[in-house]
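The following report concerns a structure that is shown here together with its sequence.

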2 protein chains.
Amino acid sequence: MAVMDSAVAREQALDAAEELFYGRGIQSVGMDDIRGASGVSLKRLYQLFPAKEQLVEAYLERRDVRWRGRLAEFAQQQEGPEERILAVFDWLELWFGEDGFRGCAWINSYGELGASSARVAAQVRAHKGAFREYLGGLVADAGLPGALAGQLFLLAEGAMVTAGITRSTEPAREAREAARLLLRAG
Amino acid sequence: MAVMDSAVAREQALDAAEELFYGRGIQSVGMDDIRGASGVSLKRLYQLFPAKEQLVEAYLERRDVRWRGRLAEFAQQQEGPEERILAVFDWLELWFGEDGFRGCAWINSYGELGASSARVAAQVRAHKGAFREYLGGLVADAGLPGALAGQLFLLAEGAMVTAGITRSTEPAREAREAARLLLRAG
DNA sequence: AGCGACGGAGAACGAGCGTTCTCCCTCGGG
DNA sequence: CCCGAGGGAGAACGCTCGTTCTCCGTCGCT
């Protein structure tokens, strides 16, 4: 393979990592698989990421930025604050229906490595914390009680887990309906 | 170690498997660790379970029976059907607060092996299906609309995931409050 | 052209682990 | 008392995989 800029190699490595780690699980993907899928040599991989754990960390971090960006972009299209809250669940339904959807990457990673990798556990907590903060912002914008944010968060998390296990988009609609009732009840 | 009845050896193996698999994750526990913790020799282990995958399967199956049994026993103590529904979330709070709580064993196992082990994936689907059925029964007993069961299920799942990641019992109370509002709204 | 740094391919190393095998002891039945 | 089945301890085997190393080709610079 020709000479390759470091930044490009890094992106290619992360592209391969995301595809393989998310699709097959982290522990069942070897560094050699990453090399094969990315075209980045092992030597280069270890220059960019001193160990597999850091590659996993970088994969989760980049995915977090993109995931929350896509969600916020979608929700932002709604006019009213309550519509933006419900749009979160509409977006979940779109996400669950995507080809290759296999549940929440962070929940899956936590199940796999949360007990053995502090870096992975920290990434998962950071991602879930940021998502919860985002919901908190939407709830505050709507002038609704703060406790609602935690309830919406639990509904979204439950929907992600259940959609992953059952391979269905239905949990998003169930969660949306529950959210709608909670908006009214609050 | 002295001669040991097969049924006893099986229970000891499952005791060790449950403690280790749940506490440290499945892939990071070796068959040799199971032997060390159970006192059951490798030869015996492989007579009882032809492969590690079957030991994992048996661990999840036995835990499922016990978990649902403990939940039902607790909820049964409540008089009214709606109180029994809310008691589910009270029980979750007790569970989350137990020493060594590390999230939902089935969600964790699914994150670890759902993509690579059909037996594990089937156990997880069976367990989650049974739990959802149980909630459906409680909702029907209370004469409430069937759609409520799915919403309660999502709240419970979200609480389990979040309690596991944040090491807190708070999600159970948040979920209980949301459930209470949904009971009234329906 | 000559040289030195860089990087690719892939072998090599070392550890972990699932599974099987060897050796030996024990114990019950004739 | 003798024999054979069963089982325990743990070595051995084979494979995977994270990480490093070796060898060699290439390319920019003088």
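## Fold, DNA surface and helix packing

Of the 186 residues of chain A, 39% are buried (20 or more other C-beta atoms, placed from the backbone, within 10 Å of the residue's own). The model is predicted: local features need pLDDT of at least 70 and side-chain atom pairs pLDDT 80 or more, while totals for chains, interfaces and linings use all residues. Residues are numbered from 1 along each chain as its sequence is written, with chains lettered from A and ligands numbered from 1 in the order in which they are written.

Chain A has nine helices and zero strands (DSSP runs, H or I of at least four residues for helices and E of at least two for strands, numbered from the N terminus). The C-alpha trace of chain A spans about 60 × 30 × 30 Å along its principal axes.

Around DNA strand D there are 14 residues, of which Gly30(A), Ala51(A), Lys52(A), Ser41(B) and Arg44(B) come nearest; a residue is near the strand if its C-beta atom, placed from the backbone, lies within 6 Å of it. Helix H3 (42–48) of chain A and helix H3 (42–48) of chain B each supply at least two residues of this surface.

In chain B, helix H5 (residues 81–96) and helix H9 (residues 170–185) pack at about 170°, their axes 9 Å apart. H5(B) and H9(B) are therefore roughly antiparallel (angles over 145 degrees). The residue classes are tabulated below.

Conventions
A residue is buried if 20 or more other C-beta atoms lie within 10 Å of its own, exposed if 12 or fewer, and partly exposed in between; C-beta atoms are placed from the backbone. Axes are lines fitted to C-alpha atoms, for helices over the stretch in contact, and angles run from 0 to 180 degrees between N-to-C directions. Angles under 35 degrees count as roughly parallel, over 145 as roughly antiparallel, 65 to 115 as roughly perpendicular and the rest as oblique.
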